[in-house]
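This short report describes a protein model with its ligand. Look at the fold first, then at the ligand and its surroundings.

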Amino acid sequence: MQHVENDDKYVGLTVNSGVSQPPVVNPYMAKRRRKPLPSVSEMVDGILKGDVTMLSRAVTLVESLSVEHQALAQEVIEKCLPHSGNSRRIGITGVPGAGKSTSIDVFGLHVLRNGGKLAVLAIDPSSERTKGSILGDKTRMEKLAVHPSAFIRPSPSAGSLGGVARKTRETIVLCEAAGYNNIFVETVGVGQSETAVHSMVDFFLLIQLAGTGDELQGIKRGIMEMADGIVINKADGDNIDRARLAQAQFRSALHLFPPTSSGWMPEVLTYSGYYELGIPEVWDMIDRYFEFVKSNGYFEHKRSQQARYWMYETINDNLRAHFYNNPDVAQMLAAKEARVLSNQQSSFTAAREVLDFYFSKK
Ligand code: GDP
């Protein structure tokens with residue numbers, strides 16, 4: 001099984017392995033020069049004016065693995081930070097086939113009907129493991145993809161989940177500086193990525209499907225605890241009764257959870273993304289949430305907690321990379337690993353010796 005979503009329990013979406021690119025046969029292709037990088041101030045000015053090309057180029061720098069690009073990206077982010085923060089950040093999760101793309105398309109159009117701008121970002125750890133992303137592909141959101149006020153960006157693919165999430169967090173800053181006042185961050189509800197998304201959004205929406213009555217067992221308690229709203233999709237046709245039953249089950253399950261730190265009681269609604277039923281109600285809930293947390297101070301509190309979290313995440317990421325990218329450390333680790341595996345040394349003394357060696361080099 002190559003992808004978790006090919007498991008029989010996920011209906012509605014299968015992912016096939018990709019086809020590699022044929023070699024370039026056009027002899028002139030190789031000679032084509034890449035456009036020179038704009039300067040930091042050109043990028044920042046462009047972003048602040050809402051220039052999508054400049055925004056995309058800056059996001060590409062954020063995602064780049066090159067040290068030089070990273071340094072430029074950090075300068076751009078630093079300059080954009082004072083212009084960021086003014087948006088509603090909404091995380092959207094659900095298992096493959098739950099209807100995330102269909103729903104984001106209609107939710108997005110609903111949000112944009114009163115003006116404003118929307119950026120749709122994604123965190124998809126599968127894109128690193130399998131080299132194929134199951135999220136964030138523009139064609140999955142047909143209407144938004146051609147909407148002039150929507151910016152859709154697939155998941156960054158390089159690095160660990162933590163690294164991918166940090167890049168998305170930085171991209172949020174750039175999008176907000178470019179005037180995107182609605183940010184959706186999409187993720188697949190099958191792994192650890194929800195925690196990462198939760199740490200960068202104001203509202204966390206869990207899309208569920210009505211199943212055979214045992215759906216509550218299938219979802220991890222942790223995800224339900226993070227959700228500010230649970231919405232049961234595909235409440236249409238013969239499925240309406242089952243969706244209502246699932247709604248009742250989720251509601252009673254939520255009562256068993258401890259109260260949330262925001263004081264908000266998560267709501268459970270049914271809707272149909274495909275037939276566009278119940279969409280305004282979902283959005284009313286989200287509006288009410290924002291009113292609630294803005295009036296009790298939780299909105300600001302959560303954002304500052306998140307900023308602190310990302311400071312430590314960034315430090316941890318960098319320390320880890322600095323350690324593991326050190327060639328002497330890598331060599332020593334390989335030797336120690338062999339000794340630990342063959343019981344010649346305990347894991348603790350091996351770890352101690354590698355760390356002592358690393359710190360003595362400073
Ligand atoms: P994702 O994998 O979570 O992004 O799910 P998709 O948006 O790709 O939807 C998976 C399948 O469910 C597609 O075949 C959709 O047409 C279908 N679907 C999505 N929303 C609805 C809905 O509200 N009602 C029904 N009946 N089908 C839907």
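The model is predicted.

**The sheet**

Seven strands form an open sheet with parallel pairing, in the order β3-β2-β4-β1-β5-β6-β7. Its edges are β3 (150-152) and β7 (267-270), each of which pairs on one side only. Averaged over the sheet, neighbouring strands are turned by 20° against each other, with direction ignored. Strands of a sheet pair through backbone hydrogen bonds, and the pairing is either parallel or antiparallel. One of the pairs here is formed by β1 (residues 88-94) and β4 (residues 182-188), which are joined in the parallel sense over seven bridges. Thr93 stands opposite Thr187 in β4.

**Helices on the sheet**

Helix α7 (residues 161-177) packs on the sheet and touches β1, β2 (118-123), β3 and β4. The direction of α7 makes about 175° with that of β2. Helix α11 (residues 240-255) lies across β5 (203-209), β6 (229-233) and β7. Relative to β7, α11 runs at about 175°.

Glu63 belongs to helix α2, which spans residues 52-63. Which residues does Glu63 touch, not counting residues up to four places away in sequence? They are Arg153, Pro154, Pro156 and Lys167. With Arg153 there is also a polar contact of 3.1 Å between the two side chains.

**The ligand site**

How many residues surround the ligand? There are 16, and the closest are Lys100, Ser101, Thr102, Lys234 and Asp236. By class, this shell has five nonpolar, seven polar and four charged residues. Helix α4 (residues 100-112) gives the most to the shell, with three residues.

| Residue | Protein atom | Distance to a ligand oxygen |
|---|---|---|
| Gly99 | polar backbone atom | 3.0 Å |
| Ser101 | polar side-chain atom | 2.6 Å |
| Gly273 | backbone N or O atom | 2.9 Å |

On its own, the ligand has 580 Å² of accessible area, and the protein covers 77% of it. Ser101, listed in the table with a polar side-chain atom, is also among the closest residues to the ligand.

How values were computed. Residues numbered from 1 in each chain as written. Predicted model: local features only at pLDDT ≥ 70, side-chain atom pairs only at ≥ 80, totals over all residues. Heavy atoms only, no water. Near = heavy atom within 4 Å. Polar contact = N/O pair within 3.5 Å; in protein donor to acceptor, adjacent residues only side chain to side chain. Areas by Shrake-Rupley, 256 points an atom, 1.4 Å probe, with all protein chains shown as cover. Helix = DSSP H or I, 4+ residues; strand = E, 2+ residues; numbered from the N terminus. Nonpolar A, V, L, I, M, F, W, Y, C, P; charged D, E, K, R; others polar. Pairing = 2+ DSSP bridges. Axes fitted to C-alpha atoms, helices over the stretch in contact; angles between N-to-C directions. Contact = heavy atoms within 4.5 Å.
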